[in-house]
Amino acid sequence: MIPTIELAAVAASALYGILRGVRNGFDVVGIFSVAAATAFGGGTLRDLFLDRRPLFWVERESLLWMVLGLSVIGAIVPRRLARIEPLLIWPDAIGLGLFSVAGTAVALQSGMTPLIAAVMGVITGTFGGVICDVIFNETPSLFRTTPLCATCALLGSVVYLAMAALEVPVTVSQPVATAAAATLRLVAVWRNWTLPVRSIA
Amino acid sequence: MIPTIELAAVAASALYGILRGVRNGFDVVGIFSVAAATAFGGGTLRDLFLDRRPLFWVERESLLWMVLGLSVIGAIVPRRLARIEPLLIWPDAIGLGLFSVAGTAVALQSGMTPLIAAVMGVITGTFGGVICDVIFNETPSLFRTTPLCATCALLGSVVYLAMAALEVPVTVSQPVATAAAATLRLVAVWRNWTLPVRSIA
Amino acid sequence: MIPTIELAAVAASALYGILRGVRNGFDVVGIFSVAAATAFGGGTLRDLFLDRRPLFWVERESLLWMVLGLSVIGAIVPRRLARIEPLLIWPDAIGLGLFSVAGTAVALQSGMTPLIAAVMGVITGTFGGVICDVIFNETPSLFRTTPLCATCALLGSVVYLAMAALEVPVTVSQPVATAAAATLRLVAVWRNWTLPVRSIA
């Protein structure tokens, strides 16, 4: 189950990176670099933290070829991609959900406690976006209030952990947890939901 | 001895991250993220470099719970925290001293040479702050001249290494080295001490 | 052969970091920090990804002493260094070539496929510069179009991989591949070559 989730998450995240690269006028190598950093960043950090080697994209080279192919397409038809920029939120939300669930699942498999598994899920789900923001020199949106980014990843992890504790089969729990995280993210962005912040003034 | 030091260093560094998150209007998830990155960043890099797994915060989950608790408190009473902002220098200096000594001690334990142990100490002591600065999109203060940040970490490492070579027991050498680094840091910030820089103009 | 290449690459990259630190008015500790991050960043990431420990600069402590010595010299005679700033392109290009070839060679030795070896070569060749740019708060030039940075590293990797497939001895293939990458980089910067970018307007 995890391989299928990772494939979809990598495709969604790579597309997000490609769209941002295209919007910033990057060439094909720059587009591929930012796409790979966004798509592989979170899972790579998880693998390093859990000491899993080969890294997931080294073990499944097809993921790398897919990101390469998508990047070349993005560099060839950037105008078409730019037109679908309002849709950027979709791969962003789905990638977030898929990666946070995949990260949690892999950490549980490695014998981690629920708290650690949730942290690994959030890291896997959000770190690609953090790298992407650092590349474009913005305060990572993970840390800003607006899009509930880490909160959505956390929701996906917690739903998955709860269903795992109830022994729900993964064929059910993984899609449900992914959908929960992605839905919250989509709604949060559309309605501009934020967590409450107590003013310090 | 190392566990006690790490507990104090994590608390001090987390507090520093929380205060900066609060000042920037972060919500509770953002505050926790920046607190965890600041508190665990340096030690995580040290553990990755020395190939120590589980990572120190995975092995001692209580550290993670503590940072979580402090972050929730910070999000609930931010105004009180903001009022103590002039005190920010204290956790910063103490965390710097504690982490650089802990990093040096762990590296020595792993059979590293004194130079490598000093480098690991400086990395452990300063990298959390570097991540914190990158998050807030500032040139990491480690690299700027003003606060003698890396120099203080280096002092802590060197004092510890010298006392280790003289076979001073760690119950003495660790507090002394920590105090040396923290004191230099405090005085440097208060008096705005810098290392001399030769002008290139 | 790899040790010699790494020595030259570290020297070239450290010099690049030192020159940028000097230009930004850093003190000796700041200069050493940025020099070490630039010189060791790419190879460290490669070693972490391939699970090679001790890290290359831990195993060969002489590299660390060399960077330390160069940094001290840079802090003592910054004006002389600043005068040679137009020459900055040389260590940059040579370091890029040397590191990308060393990264590819090490990855092949570790049994990686050619695609993974090429990615590791590009990471090793460019990541030090990326860290350097993040320190100075610029969009990493790896991702911008102008200097063909990643493209040059890729050329070095591909030339090396092609010659390895043809069983050319490394005493020939390593200098040739390094020269190919460095030459392309030099010419690209001098002539301001870029890859074509399709406009999205």
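Author: Let's start with C:Val176, which sits in helix 9 (residues 170-191) of chain C; helices are DSSP runs of H or I with at least four residues, numbered from the N terminus. This is a predicted model, where local features need pLDDT of at least 70 and side-chain atom pairs count only at pLDDT 80 or more. Residues are numbered from 1 along each chain, and chains are lettered from A in the order in which they are written.

Reader: Is C:Val176 buried, exposed or partly exposed, and why?

Author: Buried means under 20% relative accessible area, exposed over 50%, and partly exposed in between (1.4 Å probe, protein chains only). C:Val176 has 38% relative accessibility, so it counts as partly exposed.

Reader: Which residues does C:Val176 touch?

Author: Contact means heavy atoms within 4.5 Å. Not counting residues up to four places away in sequence, C:Val176 touches C:Val159 and C:Met163.

Reader: What about A:Glu61: which side chain of opposite charge is nearest?

Author: Lys and Arg count as positive, Asp and Glu as negative; His and the chain ends are not counted. A salt bridge puts a side-chain nitrogen of Lys or Arg within 4 Å of a carboxyl oxygen of Asp or Glu. For A:Glu61 the nearest is A:Arg60, 11 Å away; A:Glu61 is buried yet has no salt bridge. Leaving aside neighbours within four places in sequence, A:Glu61 is in contact with C:Thr113, C:Leu115 and C:Ile116.

Reader: And A:Arg80, where is that?

Author: A:Arg80 lies in helix 5 (residues 78-83) of chain A. With 60% relative accessibility, A:Arg80 counts as exposed.

Methods. Heavy atoms only, no water. Helix = DSSP H or I, 4+ residues; strand = E, 2+ residues; numbered from the N terminus.
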